[in-house]
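Keep the viewer open as you read.

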Amino acid sequence: MELVYLFLNASLMALSHCVGMCGGVVLAYCQSKFTPQTPLKAQLIAHTLYNLGRISMYVFVGFLAFLGFHGLLEVLAKAFHLPRMRLQGGVLVGLGVLMALFALGFILRLKNPLALSGGLLARGFKSLFSTPSLPSFYALGLLNGLLPCGLIYWFVLNALSRPNLINALEVMLVLGLATFTPMFIFGTLFGKFLKSKWRGFFHKIAFVLLLGFAAHTIYMGVKMLGHA
């Protein structure tokens, strides 16, 4: 059931945030890689490959982050002779606080504090925009998945709070699947969702859900600390 709520959360954010933030990439490749003669079937395949690339990168980032994070916890627990449950409880509280801060960043439109200059990514995008091959759309999706994004960071933090790798990957897969349809439709319709009057409404609902999950993560951390 929790994954269903996460899916709803990500879907709302896709309508209010992802289309606006990543829509520029979609518009750019539509303008540079499609021509009036490009068949609709080829365009649909291209949009599908682009979104599959994004999903692949989200899952891969979650995979690396979870393994590295929990490996670090093991090292710290052994190095400082800390009970694993107490250490993980404290970390969950910290993750919950970070999730709440990212949620506030969404609603207040704050500049992403983890954003990088992205020079290497920019060169990658420029190179891929110049080729019309179908595999290049999948590569564009992979690069898009690496762009600094508070929503992705929030889901990675949520994935890190999971008890095992499978659950963590499920969280990142939910993010990818929930954003697939809005981004696919956006690409197909060439941006009509970008001006939707409902974006602000979806944004506010998603903010409440983001805070709710952050509070739940903090609660679970405090609960673990109490039983340690």
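## Overall fold

The protein has eight helices and zero strands. Followed along the sequence, the pattern reads α-α-α-α-α-α-α-α. Please keep in mind that this is a predicted model.

Of the 228 residues in the protein, 42% are buried. Among contacts between residues at least 6 apart in sequence, 84% join residues at least 24 apart. The accessible surface comes to about 11,800 Å², and carbon and sulfur atoms account for 74% of that surface.

## Helices α2 and α7

Two packed helices are described by the angle between their axes and the distance between the axes. For helix α2 (residues 40-79) and helix α7 (residues 165-189), the axes come within 8 Å and cross at roughly 155°. Angles over 145 degrees count as roughly antiparallel, so α2 and α7 are roughly antiparallel to each other. The crossing of α2 and α7 is right-handed.

Which classes of residue make up this contact? Where α2 meets α7, there are 19 nonpolar, eight polar and one charged residues.

## A look at asparagine 158

You will find asparagine 158 in helix α6, which covers residues 150-160. Is asparagine 158 buried or exposed? Its relative accessible area is 2%, and buried means under 20%, so asparagine 158 is buried.

To see what surrounds asparagine 158, set aside its neighbours within four places in sequence: the residue is then in contact with Leu6, Met99, Val171 and Phe213.

Notes. Residues are numbered from 1 along each chain as its sequence is written. This is a predicted model: local features need pLDDT of at least 70, side-chain atom pairs count only at pLDDT 80 or more; totals for chains, interfaces and linings use all residues. Side-chain values use heavy atoms; hydrogens and water are left out. Helices (H or I, at least four residues) and strands (E, at least two) are DSSP runs, numbered from the N terminus. Buried means under 20% relative accessible area, exposed over 50%, partly exposed in between (1.4 Å probe, protein chains only). Contact means heavy atoms within 4.5 Å. Axes are lines fitted to C-alpha atoms, for helices over the stretch in contact, and angles run from 0 to 180 degrees between N-to-C directions. Angles under 35 degrees count as roughly parallel, over 145 as roughly antiparallel, 65 to 115 as roughly perpendicular and the rest as oblique. A crossing is left-handed if the near helix is turned anticlockwise from the far one by less than a right angle, and right-handed if clockwise. Ala, Val, Leu, Ile, Met, Phe, Trp, Tyr, Cys and Pro count as nonpolar, Asp, Glu, Lys and Arg as charged, and the others, Gly among them, as polar. Accessible areas come from the Shrake-Rupley method with a 1.4 Å probe; for residues, only the protein chains shown count as cover.
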